[in-house]
Amino acid sequence: MVKNYVLDTNVLIHDPNAIFSFEDNNVIIPLPVLEELDKLKKESGSVGKSARDVIRKIDELRKKGSLQKGIQLENGGILRVHVVRGNVDTPRFLHERYMDNWILAYTLDVKRKSNIPTFLVTKDINLRIKADSLGIPAQDYLTDRSDMEKIHKGYVEIENEDLKKELLKNGKVEIQLDIPPNTYVDLGDVYGRYRKGKLIRIFEREAFGIKPRNREQVFSMDSLLDDEIDLVTLIGVAGTGKTLLALACGLKKVLEEGKYERIIVTRPTIPVGRDIGYLPGDIETKMKPWLQPIMDNLELIARIKGLNIKELRKRGILEIEVLSYIRGRSIPGQYMIIDEAQNLTPHEVKTILTRVGEGTKVILIGDPYQIDTPYLDMHTNGLVYVSSKFVGDDRASTVFLTKGERSHLATRAAELL
C-alpha cells in the first residue's frame with residue numbers, strides 16, 4: 001500500500017538524498033521546511049552545504065513538473081510540497097510560531113485530507129513523541145541505520161590446536177574461513193590475520209615507543225601499519241588507546257618509513273554547532289579546545305622519543321585541519337586521522353572519504369556510546385555506518401577495543417559509573 005511520508009528538516013540535513021529513499025510512496029515536504037532550509041543554506045560547514053544540496057535537488061525536480069501537484073521520482077514515488085491554505089483545525093498550542101509545531105500542523109492537515117496512511121519522519125525524538133500524542137504515526141529516518149550490536153567486531157576466537165600448530169610452524173596457512181577479510185583470529189596466545197584464503201601469523205609491533213598492552217591493541221596496530229589496508233575503523237570507549245595507537249603508527253609511517261607525506265589530524269567541533277567561527281583567534285587557536293586530547297597523546301609520544309611537535313608542524317609533517325574544510329580538498333598520500341567520528345553523520349563521512357586521493361590511509365576513531373550531536377545515536381552515526389558498509393572489503397579493517405588502558409581508576413570509572 002502506498003503511504004505518505006512527511007519529512008522534517010533534520011531528515012533532509014542528515015541525508016540530502018532522503019527524498020529518494022521511500023520507494024514508490026509519496027514524499028511530502030511541508031512549506032515551512034523549505035523556509036527553514038532557506039535559512040540554513042547561509043550557514044557554513046556541513047549543515048549549510050546539506051541545505052543547499054537539498055534545495056538544488058528539489059529545484060532540478062521542479063523542472064519536471066509541479067511541486068504542488070506532485071512530481072514523479074525515478075523510484076516510482078511522488079514528491080510534493082504541501083501548502084496549507086486557510087485555518088488548520090489543530091490544538092491551540094500549535095499556532096505558536098515554533099517550527100516543530102508548524103510541521104505537526106501541516107502533517108495533521110495531510111493526514112486529514114488523505115485516505116492513505118500518513119507518517120511523520122523526523123530525527124527529533126521529542127517531535128516524534130509530540131506527534132504520537134496527536135495521533136500522528138511518527139518514525140525515525142532508518143535508511144542509513146546500522147545495528148550496532150550486529151556489527152562485526154573485527155576478530156574471532158577459534159579453538160583448533162592443529163591450526164594453531166601449523167600457524168606456529170609455517171607462519172601462514174591456506175584455509176577457507178567463513179569470516180570477512182582482515183578479520184583477526186585468536187587461537188589462544190597465537191594471533192593471525194585472515195585475508196584472501198590465507199591465515200597469516202601476526203606479532204606484537206612497536207611504533208615510536210608505543211607497544212600494545214592487550215589483544216585488541218595488537219590487532220589495531222597491525223591494521224594501522226598494514227600498507228594494504230586503506231581504511232581503519234577503531235571503535236571503543238574512552239581510555240582504550242585508540243588515538244594514541246593511531247598517532248604512534250602514523251608517525252612511524254611518515255617519519256621512519258616515508259610511506260605518507262604527512263599526518264592530518266582532525267575532529268568535529270560539535271559544541272559550537274560545527275562552526276569554529278565564533279571563537280577568537282586563528283584556526284589553531286580556535287581548534288585548541290577540541291584538539292587538546294590529540295596534543296596530550298602527541299606529547300606523551302614526544303617525551304618517549306624526544307620529538308619536537310612544534311617542529312613537525314612547522315615542517316608540515318603534522319597538520320591540524322578543520323573538518324569542514326576537508327570537503328573542498330583532494331587528499332593524496334596522507335595519513336589521515338579523524339577523531340570523535342561518532343559525531344559525524346553518514347553523509348558527512350561519505351563527503352570526507354570521497355575527497356581521499358591515491359595513497360591515503362584514513363583512520364576513523366570514536367565511541368558510539370558517547371555522541372554529542374543532536375539527532376544521532378549509536379545506530380545512525382557515521383562511524384558505525386562506515387564500519388558496517390565496509391565489512392567484506394579487502395582494503396578495510398575494523399577493530400573494537402574493550403579494555404581500558406589509560407589507568408586503573410579510569411577503567412574502573414568507566415565500568416562503575
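**Notebook: sheets and helix packing**

Started with the parallel sheet: 6 strands, open, running in the order 14-13-15-16-12-17. I am working from a predicted model here. Looked at the edges next. Strand 14 (318-320) and strand 17 (396-401) each have a single partner strand, so one side of each has no neighbour in the sheet.

Strand 13 (residues 262-266) pairs with strand 14 in the parallel sense, over 3 bridges.

Then I asked myself which strands helix 7 lies across. Helix 7 (residues 215-225) covers strand 12 (231-236), strand 15 (334-338), strand 16 (361-366) and strand 17. Against strand 17 I noted an angle of about 155°.

**The mixed sheet**

Moved on to the other entry on my list, an open sheet of 6 strands with mixed pairing and the order 3-4-2-1-5-6. Its edges are strand 3 (71-72) and strand 6 (138-139); each has a single partner strand, so one side of each is left without a neighbour in the sheet. Inside the order, I followed strand 1 (residues 4-7) to strand 5 (residues 118-121): they run parallel and are joined by 4 bridges. Val6 is bridged to Leu120 of strand 5.

**Helix 4 and its partners**

First, helix 2 (residues 31-40) against helix 4 (residues 99-113): the axes come within 8 Å and cross at roughly 150°. Since angles over 145 degrees count as roughly antiparallel, that is what I wrote down for helix 2 relative to helix 4. Which residues make the contact? From helix 2 I listed Leu31, Pro32, Val33 and Glu36, and from helix 4 Met99, Trp102, Ile103 and Tyr106. Sorted by class, this contact has 7 nonpolar residues, no polar ones and 1 charged.

Next, helix 4 against helix 5 (residues 125-133). These two pack at an angle of about 40° with axes 11 Å apart, which makes helix 4 oblique to helix 5. I checked the hand as well: the crossing of helix 4 and helix 5 is right-handed. Asp100, Asn101 and Leu104 of helix 4 meet Leu127, Lys130 and Ala131 of helix 5. My tally by class for the helix 4 and helix 5 contact: 3 residues are nonpolar, 1 is polar and 2 are charged.

Methods:
Residues are numbered from 1 along each chain as its sequence is written. This is a predicted model: local features need pLDDT of at least 70, side-chain atom pairs count only at pLDDT 80 or more; totals for chains, interfaces and linings use all residues. Side-chain values use heavy atoms; hydrogens and water are left out. Axes are lines fitted to C-alpha atoms, for helices over the stretch in contact, and angles run from 0 to 180 degrees between N-to-C directions. Angles under 35 degrees count as roughly parallel, over 145 as roughly antiparallel, 65 to 115 as roughly perpendicular and the rest as oblique. Contact means heavy atoms within 4.5 Å. Ala, Val, Leu, Ile, Met, Phe, Trp, Tyr, Cys and Pro count as nonpolar, Asp, Glu, Lys and Arg as charged, and the others, Gly among them, as polar. Two strands pair if DSSP finds at least two bridges between them. A crossing is left-handed if the near helix is turned anticlockwise from the far one by less than a right angle, and right-handed if clockwise.
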